[in-house]
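Notebook open, structure loaded. I'll start with one residue and then zoom out to the chain.

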Amino acid sequence: MAFEPRQTPHDGSVRTAVGRCFTAIEAWLEAEREQIALWAPVGIGAGIAAWFLLLDPAQWLGFCCGALGLACLAAILPGHGRLRHMLMIGALLATMGCLLIWGKAEMLGKPPLARAVFVRVTAEVRSVRAVPAQDMVRAMLRLIDAPTLPRTIRVNIATDDVPPGLGEGAIIRLRTRLMPPAPPAVPGAYDFAARAYFQGIGATGKALRPIEVQRPSQEALPLRARLFAHIVGRVDGPAEGIAAALATGDQGAIAEPDAEAMRRSGLAHLLSISGLHVTALIGATIFLLMRLMALSRRAALDWPLMLIAAAGGALVGIGYTWLTGAEVPTVRSCIAALLVLGGLALGRDAITLRLVASGALLVLILWPEALVGPSFQMSFAAVTAIVALAEHPRFRAFAAARDEAWPRKIGRGLVVTLATGFVVELVLMPIALFHFHKAGMLGAFANLIAIPLTTFVVMPLEVLALLFDLIGLGAPFWWLTGQALGLLLWIAHGVAASPMATLLAPAMRPALFGCVILGLLWCLLWRSRLRWLGLPPVVGGVALVLLAPPPDLLVTGDGRHVAVRTSAGMAILRDRAGDYVRDTLSESAGYEGELSAIADLPEARCSSDLCALRLKDGGGRTWRLLLTRSDMLIDRPAFQRDCAAADIVLSDRRMPRWCRPRWIRIDRWLLARTGGLAITLNKGEVHTVHRPGDAHPWIARPPVRKRTRPAPQL
């Protein structure tokens with residue numbers, strides 16, 4: 001009795017309560033034992049996300065040591081329960097994920113250009129991509145005679161300036177102004193700098209004429225480029241860009257109004273080569289091979305038709321992935337399709353969440369940086385939601401095939417499709433709000449027509465048109481393809497025009513987004529009723545984003561563009577700003593509408609050099625803003641007086657020390673350390689793009705401000 005636990009312990013003891021809790025957890029995990037393996041990609045993803053969220057090597061190393069310590073603690077715990085094994089393996093996977101992305105960043109990433117330079121360079125052309133919608137060509141260059149510059153740069157060349165002989169392998173000499181890859185303009189905006197780092201792009205710029213071709217390209221255009229040019233030349237009107245994107249994955253020929261309509265209507269996923277396109281092509285290949293082989297009696301009786309058809313579909317899928325550029329979403333879809341084909345060839349039920357988890361695990365091992373991109377998150381979230389819904393017993397019973405009249409069968413199919421669309425839209429909503437600051441509300445209805453139209457009409461017609469072009473008879477099929485794509489664009493523009501098409505929200509904080517994603521995974525990966533414990537974080541997180549006050553002031557990282565929120569809407573300092581800047585500021589502020597000019601506001605007083613603005617926050621307080629509009633020197637006495645009267649001073653140049661506003665001075669030196677700013681005046685919150693001490697390799701180091709001592713008086 002001295003060395004054994006009592007057979008009748010006291011019910012109120014803490015030890016007994018803890019023991020009962022662990023017993024209940026073990027019983028629940030035993031019931032969910034088939035779902036535990038699905039959390040393996042989540043473990044690796046947690047380590048990758050920690051590397052992106054933490055700031056410097058000391059914190060990355062601390063995370064790895066902490067995770068290994070948790071694994072060791074779980075290993076020495078008594079017993080052999082599932083919770084112990086989950087903690088140990090999960091901690092090891094998180095450590096592996098952090099080390100994986102850290103190692104790839106150190107070994108394969110390319111540091112960016114330190115500062116903007118105007119240079120003349122000689123380079124070898126690695127790839128050329130036409131962007132007809134923007135009337136330019138985008139070239140990837142490998143510099144030859146510039147040891148102080150990044151080895152790989154990307155330049156844009158106007159279509160009229162493209163010289164003869166430009167192509168892969170050509171040697172060219174040109175003048176250009178190179179810039180470091182752009183960080184997010186404001187908090188929550190797109191981070192091209194991080195993506196360019198892992199792609200090996202050290203600088204970007206625009207080529208200036210003349211462009212000298214010292215050695216013309218001797219290689220033929222890649223098959224993808226030839227196919228893109230062929231389709232664009234065969235289809236007329238706005239449909240040409242959609243047709244080229246469906247076949248090659250290149251969206252460069254899609255006009256911006258059409259691309260925006262596709263995004264607002266929830267149909268943008270049709271433009272990216274993903275699971276829908278790969279599955280449709282592989283399915284059509286298997287169908288044709290099965291029917292052709294069945295024409296032979298010997299083949300039908302003696303050959304393994306399904307195995308041969310699956311092999312043919314796999315080859316077509318791999319070829320299509322290579323043709324479309326082998327982007328991460330396409331590779332992910334191809335891997336998933338190959339796993340499905342392998343399961344079907346073995347006679348197994350391959351469409352399961354384990355298939356999705358295997359694909360996610362493989363993508364994270366090969367491309368760990370893809371975790372933080374919207375493509376990876378949205379594609380895997382959508383597939384996980386579809387499979388989880390299909391595995392639900394009640395939904396499976398409702399959607400199962402049965403002998404019934406065709407009207408009921410069609411109605412049942414429409415209900416299943418609509419329900420699936422609603423579930424996908426709900427799952428993708430927080431991801432879309434985080435990355436794009438807006439989410440589609442009518443996408444389920446639009447996809448109800450658009451997906452069958454694309455899968456069963458547009459893509460077969462386009463394949464037939466390409467095949468008949470081999471004998472010069474593809475024109476009728478291209479005309480039909482254009483008509484079908486015209487219908488698709490009509491649906492997209494019609495849905496996008498509705499005021500309920502999109503839900504707008506300001507930028508979401510990464511910590512809140514992480515809680516929402518964990519809640520979604522909890523709901524999707526478990527099967528018991530405890531799965532609904534993940535619903536409160538999801539609903540609460542989305543509600544906090546929708547109810548959060550939008551920023552009153554947005555400042556881009558270069559300080560040139562400022563947007564303020566007034567009672568009449570949003571206004572911008574420089575009314576000649578381009579569409580990209582306007583869209584970035586509007587989306588980050590959760591505002592839909594035209595940006596007016598600050599100079600036109602009745603509460604603003606502007607000259608050619610300065611703008612003074614009175615701005616009221618949500619609490620009724622009036623703030624005085626002083627903004628510079630030019631590089632001209634201003635008389636010190638008047639400017640010093642205006643600085644002292646203002647609460648906030650904003651400028652894209654360095655402000656003198658004697659300019660002392662009441663609250664904050666935002667100038668070139670401050671923005672070099674913080675990046676773009678989002679300010680909520682009522683709460684006094686200032687959110688920055690760069691965090692203090694951030695040591696990620698693509699972060700540009702701010703210049704050191706030298707303190708000048710006054711000269712001694714003689």
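Which backbone atom does the side chain of S651 reach? I'm working from a predicted model here. I looked it up: the S651 side chain gets to the backbone nitrogen of R653, at 3.1 Å.

Next I checked where that serine sits. S651 is in the loop that runs between β15 (648-650) and β16 (664-666).

Is S651 buried or exposed? Its relative accessibility comes out at 2%, and the cut-off for buried is under 20%, so S651 counts as buried.

Zooming out, I went through the whole chain. I found 23 helices and 18 strands in the protein chain. The radius of gyration is 29 Å, close to the 27 Å from the globule rule for 714 residues, so the chain is as compact as a globular protein of that length. The C-alpha atoms fill a box of roughly 105 × 90 × 55 Å along the principal axes.

Of the 714 residues, 45% count as buried. Among contacts with a separation of 6 or more, 63% come from residues 24 or more positions apart.

Last entry, surface and charge. The chain exposes about 37800 Å², with carbon and sulfur atoms supplying 64% of that. I have 73 positive and 53 negative charges, and their mean positions are 6 Å apart.

Technical notes. Residues are numbered from 1 along each chain as its sequence is written. This is a predicted model: local features need pLDDT of at least 70, side-chain atom pairs count only at pLDDT 80 or more; totals for chains, interfaces and linings use all residues. Side-chain values use heavy atoms; hydrogens and water are left out. Helices (H or I, at least four residues) and strands (E, at least two) are DSSP runs, numbered from the N terminus. Buried means under 20% relative accessible area, exposed over 50%, partly exposed in between (1.4 Å probe, protein chains only). A polar contact is a pair of N or O atoms within 3.5 Å; within protein, one must be able to donate a hydrogen and the other to accept it, and residues adjacent in sequence count only if both atoms are side-chain atoms. The radius of gyration is taken over C-alpha atoms; the globule rule is 2.2 Å times the number of residues to the power 0.38. Contact means heavy atoms within 4.5 Å. Accessible areas come from the Shrake-Rupley method with a 1.4 Å probe; for residues, only the protein chains shown count as cover. Lys and Arg count as positive and Asp and Glu as negative; His and the chain ends are not counted. The place of a charge is taken as NZ of Lys, CZ of Arg, CG of Asp or CD of Glu.
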